[in-house]
Structure formats: structure tokens, C-alpha cells
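Good morning, and thank you for coming.

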Amino acid sequence: MSNNVDNTTNEKEQASGRRQFLGWGAAMAGLAIAPGITLFDLAHGRAPEEAASSKVRWGMLIDSGKCATGCDDCVSACGTENGFSGKLETDSQWIRKIELKDMRNGNSHSLPMMCQHCENPPCVDVCPTGASFKRADGIVLVDRHICIGCRYCMMACPYKARSFVHEELHDQNPDVPRGKGCVESCTLCVHRIDRGGQPACADACSAAGHNAILFGDLNDPNSEISKRVASSATTQVRADLNLNVGVRYQGI
Amino acid sequence: MVSLAKLRDMLTWQRGAVMAALLAVSFVAVASADAHEESSHGRVPVPAHPEGKGDKCVRDTEYMKRHHMDELKHQRNETMRKGIRTKEMSLQNCIDCHASKETNSVLGKEGFCQSCHSYAAVKLDCFECHASKPKIAKPLHPVVSQAEKAGDGTLAGKTRQEMQANPVEPNTTGGASK
């Protein structure tokens with residue numbers, strides 16, 4: 001709605017009135033219809049029986065200007081959340097820190113790199129079994145029940161985001177089943193998102209005070225992430241591939 | 001003097017009575033064998049199920065014996081593909097209730113899942129990936145928990161926080177107003 005507002009003050013006022021009206025309508029609809037039951041949660045937590053919706057597109061905006069060189073809080077938070085032991089030689093890597101340095105002027109950046117949750121994911125294109133798929137809300141996942149471990153998707157991914165589990169795993173996090181013989185990658189902490197949370201890396205980054213990772217709904221024009229994507233210059237890594245990634249970068 | 005026909009009649013009646021008696025005896029024997037099996041498993045080894053923690057299962061036992069695999073498979077697809085995470089038929093819910101009190105697991109010789117699956121010689125590969133133990137409240141990532149102690153309010157998503165603080169603020173209900 002707000003995108004269609006013209007510059008004239010009158011129309012702006014009208015639009016803001018309309019927004020307010022719609023907002024109040026939403027607030028009314030969000031009211032409890034019975035104790036403990038609401039039509040929908042105002043925050044993004046869905047009811048457990050509600051399927052992920054394509055009205056939402058989860059994404060992240062990473063500000064490399066705020067991402068401290070040498071800090072790996074996001075990486076270790078990912079490991080803790082998803083149960084990487086850190087002891088295996090072949091341990092998976094869902095998120096990694098990258099240092100970029102311009103050799104001409106010495107300007108350096110630090111940024112985390114992980115599955116970019118493409119709108120048109122090459123890993124899904126090449127998967128021979130349909131195990132690699134994109135959920136309605138834009139999260140790219142591997143269905144381990146039907147993954148045969150062929151690793152085509154690892155070849156196809158331009159971001160080197162996927163890992164293969166080479167060894168038997170034990171003591172997995174009950175929310176994050178992982179096992180030998182499957183390809184895996186960042187799930188955007190889908191189990192947290194389904195309960196209304198945000199990815200562990202984003203939590204850890206803001207807890208450490210960096211606030212370099214902003215998580216949110218790219219489809220919602222009023223979300224913090226959409227506002228920032230609309231107002232400042234953001235980059236999609238390998239934008240030339242037209243994958244329309246969900247993870248955007250700022251300051252690179 | 002007894003006629004031949006009468007004698008034949010008598011024998012037929014006696015034969016019938018003997019048959020009935022035999023049937024009755026065998027029925028009682030079978031019934032007692034059944035009762036015996038239920039109490040101490042008799043000669044046939046039957047897997048011993050550890051008691052569940054809850055009052056009763058989400059469906060009756062007969063249904064679950066036949067259909068737990070279908071329910072779990074259905075649920076797995078719903079959860080994996082659509083993000084539907086209802087508790088009732090989820091594997092986590094099964095494990096929470098059925099984990100053995102001694103080992104805190106559904107695996108092992110006395111484990112709820114494994115005891116029966118080895119008895120039936122059905123391969124059980126759920127737990128190559130899934131945890132076989134109930135979920136425990138893990139401490140948060142050290143950085144996160146420190147911040148929580150310090151009362152840092154930046155943990156949850158900003159949108160969510162704003163909405164919780166200000167649920168009827170029109171500008172923050174964008175997701176809903178679409």
C-alpha cells in the first residue's frame with residue numbers, strides 16, 4: 001500500500017489514514033475469539049497447525065560494517081543450536097566467516113556467509129529426488145527422509161553453503177535431526193521461526209551487541225528489514241545469477 | 001433284550017457327549033493358556049513395554065500398534081514440507097512420554113521402540129538422525145545468556161518485540177494488514 005503513495009500531501013494523508021484503518025482492522029482481527037485462541041498471532045509465530053505461508057518471505061540483512069573482524073559469535077551459536085560437536089574432522093559448516101580485503105587500499109570487511117535461501121535455488125533445480133526444496137515462506141531445506149546423498153546440490157550451490165555428513169552423529173538436538181549420508185545446510189533455524197523466534201546467529205549477534213544480522217519478513221513493507229532494504233543500498237551476492245536471494249548484505 | 005437300533009442310538013449320544021466334553025476341556029485349556037501368556041509371556045517371548053509417563057496414549061493401543069508408522073510418516077511430511085508442528089502425533093511427543101525411566105531413551109534392550117522393533121525384526125532407522133531422548137531445556141548460548149542476565153532486550157526479533165509492547169499500533173501490524 002505504502003509503495004503506491006504519491007508525493008502530494010493530500011494523498012499521503014489519505015494513505016496514512018487507510019493504513020491506520022487497516023492496522024486497526026488487523027488489531028481487531030487479532031483479538032481473542034476465545035481464551036487462548038486468536039485469529040492470528042500479531043507477531044510472526046504461527047499456530048502449530050498452520051502451514052507456512054507464501055505471504056511471508058524470511059530473509060536476513062547483514063551489515064558488514066557492524067560485523068567485527070575476528071568475531072565468530074554467529075558461527076558458534078549456529079553450532080550450539082544445531083548440534084555440531086566441533087570434534088569431527090568432517091564437521092558440517094552451515095555458516096562461516098569471510099574476510100574480504102581490497103588489496104589496493106587495504107579496506108577490509110568481515111561477513112558471515114551461509115545458505116542464501118534463493119527464490120530460485122539451483123540446489124532445488126538439480127536435486128534428483130525432490131529432497132531439496134523451498135518452503136512456502138522462502139526457506140530452502142533438505143528433506144533428509146528422501147535425500148540420497150548424491151551431493152549434486154553441493155555442486156550446484158554458488159555459495160558453497162552445503163555440507164555432507166560423513167560420519168555417524170549422536171546426541172542430536174531433538175529439534176534438529178541430523179545424520180550420516182545426507183546433505184544439509186542452514187535451515188534459517190526453521191524450528192525457531194515456526195515458534196516465533198529468529199535464527200540463533202541473529203540472536204547471538206544482537207546479544208553480543210553487534211546487531212549486524214537483521215532477520216525479518218522481506219514481503220512485509222512495514223518490517224524493519226524491508227524498510228532498510230528499501231532505504232539503503234543492499235547487495236545480493238552473485239546478483240548476476242538472478243537467484244533473488246533472501247540474505248542481503250550491506251556495505252560490501 | 002436291547003435291539004441293535006437302540007444300541008446304535010445310545011452310542012451316538014455317548015459319542016456326542018464325549019465330543020462336547022473334549023471341546024469344553026480344550027476351550028478351557030486355550031483360555032488358560034491365553035491368560036498365562038498375558039501374565040508371564042509363557043513360552044513365547046513378548047517384548048516388555050516400559051510404562052509411558054502420561055495417563056494414556058493419543059490413540060488406543062491397538063490402533064497405535066498397527067498405525068503408528070503411518071501417523072509418524074504423515075506428520076513428518078506435514079512438518080518438513082509445510083512447517084506444521086502439532087504436538088499430538090509428533091515423534092518428540094512419543095519420545096517425551098515413552099522414554100524409559102532408567103535410561104531416559106526409547107532405544108536399548110528395554111527401550112519402548114527398540115524392544116518391539118527387534119522382536120518384530122523391523123529395522124528402526126528413525127534414530128540415526130532423530131534424538132532418542134526427550135528434549136531437555138538446554139542453557140542458551142553463553143553470549144545470549146549473558147545478555148539475558150544483563151537484561152539486554154535485543155534477543156527477540158525487533159518486530160516481535162514492538163508488537164508485543166504495542167499490539168494495536170497500526171504501523172507495526174503490516175504483516176496482518178495485507
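A:Met60 stands opposite A:Val247 in strand S12 of chain A. This is one position in the pairing of strand S3, residues 58-63, with S12, residues 247-250, which runs in the parallel sense over 4 bridges. I take strands as DSSP runs (E, at least two residues) and helices as DSSP runs too (H or I, at least four), numbered from the N terminus; two strands pair if DSSP finds at least two bridges between them.

Before going further, please note that this is a predicted model, in which local features need pLDDT of at least 70, side-chain atom pairs count only at pLDDT 80 or more, and totals for chains, interfaces and linings use all residues. Residues are numbered from 1 along each chain as its sequence is written, while chains are lettered from A and ligands numbered from 1 in the order in which they are written.

S3 of chain A also pairs with strand S10, residues 213-217, here in the antiparallel sense over 5 bridges. In that pairing A:Gly59 stands opposite A:Gly216.

How many residues of S3 in chain A are buried? The count is 6 of its 6, where buried means 20 or more other C-beta atoms within 10 Å of the residue's own, exposed means 12 or fewer, and partly exposed lies in between, with C-beta atoms placed from the backbone. In a regular strand the side chains alternate between the two faces of the sheet. Here A:Trp58, A:Met60 and A:Ile62 point one way, and A:Gly59, A:Leu61 and A:Asp63 the other.

Let us turn to A:Leu214, which lies in S10 of chain A. Why is A:Leu214 classed as buried? It is so classed because 25 other C-beta atoms lie within 10 Å. Leaving aside neighbours within four places in sequence, the contacts of A:Leu214 (C-beta atoms, placed from the backbone, within 7 Å) include A:Met60, A:Leu61 and A:Ile225. The C-alpha atoms of A:Leu214 and A:Asp63 are separated by 8.2 Å, although the two residues are 151 apart along the chain.

Helix H6 of chain A, residues 200-207, is largely enclosed by the rest of the structure, because 8 of its 8 residues are buried. Among them are A:Cys201, A:Asp203 and A:Cys205. After H6 comes A:Gly209, with a positive phi near 90°.

Finally, confidence. Chain A averages a pLDDT (the predictor's confidence in each residue, from 0 to 100) of 87, and 82% of the residues score at least 70. Over residues 1-9 of chain A, however, the pLDDT is below 50.

How values were computed:
Two residues are in contact if their C-beta atoms, placed from the backbone, lie within 7 Å.
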